[in-house]
Each structure stands twice: as C-alpha cells, then as structure tokens.
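Subject: Structure for you to look at

Hello,

Here is the structure I said I would pass on. My notes on it follow below the coordinates.

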Amino acid sequence: MQARYEQMGAQQVRSGSRRPERNEHDRAGDHPTALRRSDIRLSAPKRTLAALGALGMLALTGCGSTTLDDIAVGKDKGWQSPFRDARNSGSSPVTGSRHLTLSWSRPIGGPLAAATTLGPDGQMFVTTRTQTDCVGNPGTNGAIFSFQMPTGRKRFCNPLGPDAIAAASAVDSANNVYVGDDGAVFAFNNLGQPRWRTPVAGVPVSMQFTADGAVLSVSQSGQVDILDRQTGARTVSSYQVLGEPDFLTHPDITRPPDGQGLGDCAVGGPQCAVANVSALDKDSGHFYLTAWRTGAPAASLVALHYADKKVTQEWSVDILADGSATSPALSADGKTLYVGDNSGRLLAVDTGDGHTKWTQPLGFTPRGGISERDGLLIPSGDDGHLLALHDNGDSAGIAWERKDLALRGRPVQTAGDTGYAVVPMGADLNLLTFETTTGKTVASAPLPGATGSTVSTAIGPKGEVVVADRLGELFTFTPDK
C-alpha cells in the first residue's frame, strides 16, 4: 500500500521572482538556462516587492479582463501529451507529408525513457538523466530540456530529480509545460521559469488535461491528483488507486521512496503499480489506467470518474496477463478501450462495464501504445513487426501486415492516410513513411547513428516528425516544400 504523506497544498513559485541565469534573449549561443531551486528564494526586500507586484496584478485583474489567466489547454496542435491527446490516440489531425527531409539531429546529453511532447508552435520538451547538471557541475541529476523546432537550438535546461527521466509531461496552448519530478509535479513557462511545484507521492508517469483545464497526474505508486493549472493547488483530494493505508493495523508505516518500483514501469512489471499514461474521455469525465495491485495475479484495467469535485472508481477488471504492456487508447466515440498485455494480446474493452469485447493475439508483445484512427489500430513495440487491425465490433481483423518490417518504437498515424514508424534497414534505423490503408511503403529516411530502439515519434503542428531514441538523440524531419 502506498502511504499518503504529501503536503496538502502547492508550493507556490512566482515566475517573476527571478529571471533565469541564462536564456536565449540574454546571450547568443546554445547555453543552458540553470534554474536551481535555491534561485527561487527571495530576500525580505525582494519578497516585499514581489508581494506588491502580486497585489498590483490582482488590481489589474479586477479592473480589466477576467480572463487574464484563462490560458486554454488547446487542441489539435502539436503533441501535447505522450500519445498526443487525452485519448492516447497516437494520431495527428495534421495531413502527414510523404516527402520528408532530415532537418537536424542532436544528442540530449543523457538517455531518454519518456515521450517527447510538442507545444502548439513546435517547442519541444524532453526529460533525461545526466551526469552533470544544467551548467556542467558533476553529479547525477534529472533535467527537462526544451528545444526550438526550426533549428534544434536549446531553449532551456532546468534541473529535476534523477527519476524524472521516466516522468511524463504535458504542454498547454501557451507552451507552459507540466512535468513529473521526484515526489512532485512541476510547472514551467515557455522560457523555463518555474510557475509552481506541488508535492505528490511517487513520480508522475501520466500527465493529461481534464475537460475543465486542470492537470491530471498519476504517479507510478498509484496516487491520482487533479491540480489547478494556474496555481498547482489540488482541486480534489488525492485518490489512491491501491487504496488508503490502514494506520491502525500498521501504525509505523512509512512513505516509500518516490522512485520505488519505477524500473518495472517500462515493462509493466508487478513492482510498478501504475505503469502507463491514462486515457481520458473529456466528454464524460471518465479516465482509464492500468494498475497492478499488490499480490494480484494479473494487472487490472481500471475506470475512474472525475466529477463533483471528487474521483471515484467505476469498475476494475483483472484482465492483463503478465502485466500491462501498453497505455490504454480510447476510441473516438468513447465506447471502447484498446490495451495490450505482456502475453502478446491486444484487447478491446467496453468502457461501460469493463467486459472484454475481443482479444487478438499479435505474435509479439506490444510496447508503449496503440495508434488509433478511424477504427484502424497499429500497435507499438520494440519487437514484432508492423501491422494494422480493424475493430469489427465483436472481433478484430487484420487490415494488413508487414512481417518484413520490424518495429523499433511507436508508429503514428496522420490525416491523409499517412503513417510513420521507425524500423531497422540493415544496420541502421530508418523513419518509414507508409500508407495507412494498405501498409505500402512510401519512403524511408535514415536516422544517422541511431541504434537500438526509440521512445517516441511525435508530429508537429506543420507536419514535422520528431523521433527520440533511447540513447538520447532527437531527429527532426520537415516536409519538403
């Protein structure tokens, strides 16, 4: 059981309290922006000035527009969460280009384990773990980096805890980024200035936006938090997927380390209670996640409901043999969930009551997510091959199959019947452009120097394709004009 000892309230950080030591407007070149936690402490005179400034802002708000802080979450632009949207569709409404050129590539300086997210103008955000901090001081650290789409120039680097490498991020319409940290959710503006930091139990591996614009965070230890996007304050009490601890039975229970079990999350193992990104139906307030409860023979698919200022469980079904392999993906009509398990199956589940509509053996273990567009399902993986399935209601049918193309990451779909996947060709990894209706190869382009596998493929607002490999390199392709 996960004990809940988090502080009940956000630690507020005023973004105007101190300017970053470096940013792109201050100095030319590719220098990191170092925002240490110590940098946000203010002396007494500065605290007074900050308080007066805050009162001035309140006065302006009272006299002017009441929507001064009403920054929209945004939709249909960029790749705002790990699988683009609240449904985890892994699909972009942008018409994908069939003629791409590698624009730039660059190493991050550390490995990657979580998906790249993109703001509405293409600003990129990634988390990593490095052996130096953002200004080169030695020591193991986590960090969030931001890069510009056109050039790959670094926008900022901010320090986080070492376990933030596995944390999820989400981006709103103003390029504010919300990212998991060791025992917290952190919010930064588009220049990397801290906005707020709210303590949570564990490391958030899921980050989404609710219909009312709040931040939905779920940690690997099973704590669900819904936070005000402007202040970081909890809008409802924290919900524990594993249940609340019994302090009468275990009076000396202590809070586990924030990173406990995080190593099992990549494969959906039993030590990681919640391994994946939740799928959210904004129309109904229902959201769905995978959970492996202590001592259970299989992982569960769990339906939760956010309404009336509380989170409640609707149903839970123990159907994921050997653990969860993918994040759940929600159909466009909100009636079906698709999820993969470690026995090599793809399952379709009714969102009303959790009953299984069909199961489809894949012949390999899917990994990461499932791209869904207009009923066409393309599973991800580090093994296996590229294939697509149709949901026939009570069964699945193979739409097409490419056993000659091994998967090395997450295929994605776009409008215009165009998809992208990373596949090995000879000794090199290549970005494959394919026709989603037939699986036919359209084009391919190498990822120079890339080996192993990739953690994400994301589509930018202008049809850019951004690939991140596990070794810690970004590759950005742009449509030919």
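Four strands form an open sheet in the order β16-β17-β18-β19, and their pairing is antiparallel. Strands here are DSSP runs of E with at least two residues, helices are runs of H or I with at least four, and both are numbered from the N terminus; two strands pair if DSSP finds at least two bridges between them. β16 (279–281) and β19 (310–320) are the edge strands, each with a single partner, so one side of each has no neighbour in the sheet. On average, neighbouring strands of this sheet are turned by 20 degrees against each other, direction ignored (axes are lines fitted to C-alpha atoms, for helices over the stretch in contact, with angles from 0 to 180 degrees between N-to-C directions).

Before the rest, the terms of the model. It is a predicted model, in which local features need pLDDT of at least 70 and side-chain atom pairs count only at pLDDT 80 or more, while totals for chains, interfaces and linings use all residues. Residues are numbered from 1 along each chain as its sequence is written, and side-chain values use heavy atoms, with hydrogens and water left out.

Inside the sheet, β17 (residues 286–291) and β18 (residues 299–307) run antiparallel and are joined by six bridges. Across this pair, Ala291 stands opposite Ser300 and Tyr288 stands opposite Ala303. β18 also pairs with β19, in the antiparallel sense, over eight bridges; there, His305 has Thr312 as its bridge partner. The hairpin of β18 and β19 has two residues between the strands, and Asp308 takes a positive phi near 55 degrees in it. Eight of the nine residues of β18 are buried, so the strand is largely enclosed by the rest of the structure (buried means under 20% relative accessible area, exposed over 50%, and partly exposed in between, with a 1.4 Å probe and protein chains only).

Leaving aside neighbours within four places in sequence, Ala279 is in contact with Ala86, Arg87, Asn88, His286, Phe287, Tyr288, Pro328, Leu330 and Leu337, where contact means heavy atoms within 4.5 Å. Ser331 is 52 residues from Ala279 in sequence, and their C-alpha atoms are 9.9 Å apart.

Ser371 stands opposite Ile378, and in the hairpin, with two residues between the strands, Asp374 has a positive phi near 55 degrees. β25 and β26 (residues 385–391) pair in the antiparallel sense over two bridges, with Leu389 as the bridge partner of Leu377. Five residues lie between β25 and β26 in their hairpin, where Gly384 has a positive phi of about 75 degrees.

On a 1 Å grid over the protein atoms alone, a cavity is a set of points where a 1.4 Å probe fits but cannot get out, and a pocket is an open set with protein on both sides within 12 Å along at least five of seven lines; lining residues have an atom within 4 Å of a point. Grid points are joined across faces, edges and corners, and a volume is the space filled by probe spheres set on the points.

The second largest pocket has a volume of about 620 Å³. It is lined by 33 residues, and Ala113, Cys265, Ala266, Ala275 and Arg410 are the closest to its centre. The lining comprises 18 nonpolar, nine polar and six charged residues (Ala, Val, Leu, Ile, Met, Phe, Trp, Tyr, Cys and Pro count as nonpolar, Asp, Glu, Lys and Arg as charged, and the others, Gly among them, as polar).

Of the 13 residues that line the largest cavity, Phe83, Gly90, Arg410, Pro411 and Val412 lie nearest its centre.

Regards
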